Each structure stands twice: as C-alpha cells, then as structure tokens.
Amino acid sequence: MTSTQTTPTDQSTTLKSVDPATGEVIATYPIADVDAVRAAVAKARTAAATWGALDYDRRREHLLRWKSRLVAESEDFCALIHRENGKPLDDAFLELMLAIEHISWAAKNAKKLLAPKKVAPGMFMANFAARIEQRPLGVVGIIGPWNYPVYTPNGSIAYALAAGNTVVFKPSEFSTGIGNFLAEAFQKANPELPEGVFVSINGYGATGAALVQSGVDKIAFTGSTATGKKIMAAAAENLTPVLLECGGKDAVIVAADGDVKAAADAVAWGATANSGQTCAGVERVYVDKSVSAAFVAEVKRILTEIKPGSGSDASYGPMTMPSQIDIVKRHIEDALKNGGTAVLGGVESVKGAFIDPVVLVDVDENSEAVQEETFGPTVTIRTVNSTDEAVELANANKYGLSSAVYSKKNGLDIARRLRVGATSVNSVLAFAAIPGLPFGGVGDSGIGRIHGEPGLREFVRPHSIAVQRFAIPGMALLSYTRTDSTMKLLRKLVPVLHGRNK
Ligand code: NAD
C-alpha cells in the first residue's frame, strides 16, 4: 500500500485522492483555505434567499430531479465510489440506492411534517390565534466521513435542503471525488438554480474547521467522536448549533430462543461488510450459553468463505484509511492479550489494506478490543448466562449508536432495555434502510438525529406567532390599561382552574 494521501502539511494547497486498493492517485483537488470557505458560504447565503423562498412543492421538484440524475449516472458514480472508497460495486450501488430513498422521502415529506400548526391559545389568551411556523436555518455546513461517503452525509444534505436551507459540504479527504460528484449532480439537474444551493468544498480537517468558524447557521458532522468533540467546542464560540453523528461499538444480543442460523448470518455480514468500516456495524456479540457453541461454529463457518479484494468476486474491499489498519491490528493483539481466543484468523489476518475476517471469543470486557471502536472486519463474541447479563454488558460502553437483538419471543422487550439510538430485532442495520426512522446515538455516539421527521426538524427553527383577533375591553393583560377588576377576576379564576391537583 503506497498511499500518500494522509500526510498533508500546513503548506499543502492540493489534496490527492487515492485508490485505497492500489495507492494510485486518482485525482488532485485544490484545498479550500479560510477565504475559499468563506466565499462558498457567502455564495450559499445569497442562494438561501432564493431556495428558502421557494415553496415545498418547488423544492420537492428540484430534489427529485437530483435523485433521477443520480439514478441516470449511477454506473459512473458507483465506479467512482468503488475506486475511491474501495467497496465492491454492488455495495456502492446499495449505498446509492439507500441515499436515493432518503432524498425521495425528505422531498416528499417535508411539506406535511413541517407545515404550520395552530395551537390552542389557552383561556387567558382566548382572543388570540396562535401558530407555529417552521423556518429554514439558512446555510448548513455539512462535514462528512469516508466510510459511507454518499449515504451518511446525504442524511443531512437531503434533509437540510428539503427543509429550505442551502448546503456547503466538506466531504472527507478520503472521498473528495465522491462528494463533489454528489454536489455537481444537484447543480447539473437544476441549472436554473443559483450555484450556491448545494456546493462542496475540499480539504482536510483544517477546511472543516474553517467551515465550523465561517458563520454557518448549523454544523452537521459525521465522523469520529474525537473530531466531534473538537467541532462542538469550536462551534460553541459562536453558539453555532451542532448535529453530531459519531462512532459506535454496536452490540448484538442472541437470546436462548434466538434463531441461531439467522443471527450468525447477520453477525457475519454486519461485522465484516464494508471491511467492518460501518459506524453501526456489529462489533460485539453477547450470546446465551445454551446456543453459544452452535452460534460461534456457524459464524466461523460463514466467515471462512468470506474474502476481501478488489475484483468482482470480493466480499468486501480494502481498508479505506491506511491509519485504521494499525488500530485493527492493535485491537486483535489486545484481545488475545486479554484472555481472548481467535477462533478464526488472528494478527496474521491483517495483510496490509486487505484484512481477512477475525472472530474473537471471550475477550476481557474491559479491554480496548471490547470498549473502543475497531472499525475493521473483526468481531468479539462473549457467552453469557442470561439476557440480563447480555443487556448489562451491551450497555456498559461509552458509545450508544445502535444494536440488534435475536429472540423469537422477547425481541421488543430486550430492545427497549438498550441504551442506544436504534435497534433491529431479528435483523441487523434494518433501521438504517427505513427512511422514516431517525438515526443517531447517545453518549459518545453523538447528539441529534438524521433521517425521518426528527431529521427534518434538525434543520428548521420554530417561529411562534400570536395574532390578536380582537381586544377584550378591560381585559388587556399586557398593557398598563389593565384594571383592578380584571386582577380581582384573575385572583378568583386561578385557584378554581389550578388550585387542585387535577
Ligand atoms: P474523522 O473524524 O477523522 O473525519 C470526519 C470529517 O471531519 C472529515 O471530513 C475530516 O476532514 C473532518 N475533520 C477532521 N478534523 C476536523 C476539525 N478539527 N474540524 C472540522 N472538521 C474536521 O472521521 P472519519 O475517519 O472520516 O470517519 C470515521 C468515523 O465516522 C467513525 O468513528 C465512524 O463510526 C463515524 N461514522 C459515524 C456515523 C454515524 O452516523 N454515527 C456514520 C458514518 C461514520
């Protein structure tokens, strides 16, 4: 692996996009410095006046045109995703398909879900009509990761646009071409719109930091928890609100009555697909002792056949980010040092950018391999004595992104006890493919939600409006003309209305 892409210096003015399978340079992009970032935000600010003033139906048309343009260009786009990110072509297509579903959902639901709402004014303000209207925030800065370079940032991009905001998007330095393709497709599909409705800017962390400081109206970030914390601290200087979608260490619980074959199939895929580089992928499993041996044997059987590569027969691709390879290796070493046994693979499975599946059993729960995000095609499996123990161990982690439960009778009950943002019952990652379900975590996994109604509400501010319909003589509560008799009446009314615990 000869990647040179990860070593920017302060003087770097260009960024090289690299094929992670070969180290070959795909393209070179100018890096946006502070001035270029401010210029992009200014362009988006101007465009916000036009885009924000359109009604929901018009914005829906523009978003749906973008969606069909992505479908028309899907072959080229998937080839680029495969090349720049490393994932197999089929996985690239699945990712694009899911993103398109979300564009469609946000475009079609924004009008209904963000519609103005009347609220009851209450007895003392009965002469008023009260309503809540949703206003776009203005310009949203979006900073993305590389692992799902379309699906993940799109969870903010499509929803921010549908809510009436313009977007300045900084893709990950490992998926620059993909990010630019997404923004250019929007512009090509909508040539009559001002250019600043959805623009991308390129660069490393410094460009992202400049975007955070640029006066945007919200930052929507997806990436590591460490970067999320830096962004939140920087955004606090201007009270810029943040949406943070960060890391995970997701657990699967296989109960005594779980379908062992189905659970093993899901765990094998959920742990290794996309080379394990999935924020909500399977990293830990807690399996009941009555089915543990059969489950471990089945996971091993399936993964023995699974191989990484770059060809059309590969199950998954290379590690996209070279620095992650050492972390995966360190976690495997740590697991083996801390009482774990590798029932499939081991340290030798880390062969440069391509890492074979590794299955580790009964690793110490306090070890790095169980507590920290590994982000590689590895999984730890612990045998437990009861569902209670499984729930306790699953929850004993600083992350709380998602989870899965396998149980024929108690899936929903077990799901409700997990400290996470999402759970799939008798499946893995299903919530991520259902556009109406919000996605996001608790604890170190982040703040806020993308997708679904909460995902639209992240990008609007409620505007409360109280309209006086008529004046009630002598009852002007908000005026110096208020009379003593009005106050006497209120003193009698309040105990009647609120003096009892009813
Ligand atoms: P990262 O934190 O290294 O980088 C993410 C983005 O932040 C990149 O665009 C990067 O250039 C930018 N950045 C870096 N420093 C910055 C700074 N100081 N200010 C502003 N921007 C800065 O993360 P990554 O390696 O690209 O992504 C992998 C991580 O993302 C994993 O932890 C994964 O779990 C997480 N992730 C989370 C979700 C989710 O929805 N919760 C989805 C996908 C990935």
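**Exercise 1.** At what angle do the axes of helix H1 and helix H7 cross, and within what distance do they come? Work it out on this predicted model, then describe the contact.

*Solution.* 
- Start with the axes: H1 (residues 34–53) and H7 (residues 205–212) come within 9 Å of each other and cross at roughly 45°.
- Now the handedness: H1 passes H7 in a right-handed crossing.
- Then list the partners. Val34, Val37 and Val41 of H1 meet Thr207, Ala210 and Leu211 of H7.
- Finally, sort the residues of this contact by class: 5 are nonpolar, 1 is polar and none is charged.

**Exercise 2.** How do helix H9 and helix H10 pack?

*Solution.* 
- The axes of H9 (residues 260–272) and H10 (residues 292–304) are 9 Å apart, at an angle of about 50°.
- The two helices are therefore oblique to each other, and their crossing is right-handed.
- H9 contributes residues including Val260, Lys261 and Asp265, while Phe295, Glu298 and Ile302 are among those from H10.
- By class, this contact has 10 nonpolar, 1 polar and 3 charged residues.

**Exercise 3.** Which residues come nearest to the ligand, and which side chain has a polar atom 2.8 Å from an oxygen atom of the ligand?

*Solution.* 
- Of the 29 residues around the ligand, the nearest are Glu173, Ser224, Thr227, Cys246 and Glu373.
- The 2.8 Å pair belongs to Trp146, through a polar side-chain atom.
- Lys170 places a side-chain N or O atom 2.9 Å from a ligand oxygen.
- For Gly223, a polar backbone atom is 3.2 Å from an oxygen atom of the ligand.

Key. Residues numbered from 1 in each chain as written. Predicted model: local features only at pLDDT ≥ 70, side-chain atom pairs only at ≥ 80, totals over all residues. Heavy atoms only, no water. Axes fitted to C-alpha atoms, helices over the stretch in contact; angles between N-to-C directions. Helix = DSSP H or I, 4+ residues; strand = E, 2+ residues; numbered from the N terminus. Left-handed = near helix turned anticlockwise from the far one by under 90°. Contact = heavy atoms within 4.5 Å. Nonpolar A, V, L, I, M, F, W, Y, C, P; charged D, E, K, R; others polar. Near = heavy atom within 4 Å. Polar contact = N/O pair within 3.5 Å; in protein donor to acceptor, adjacent residues only side chain to side chain. Parallel < 35°, antiparallel > 145°, perpendicular 65-115°, else oblique.
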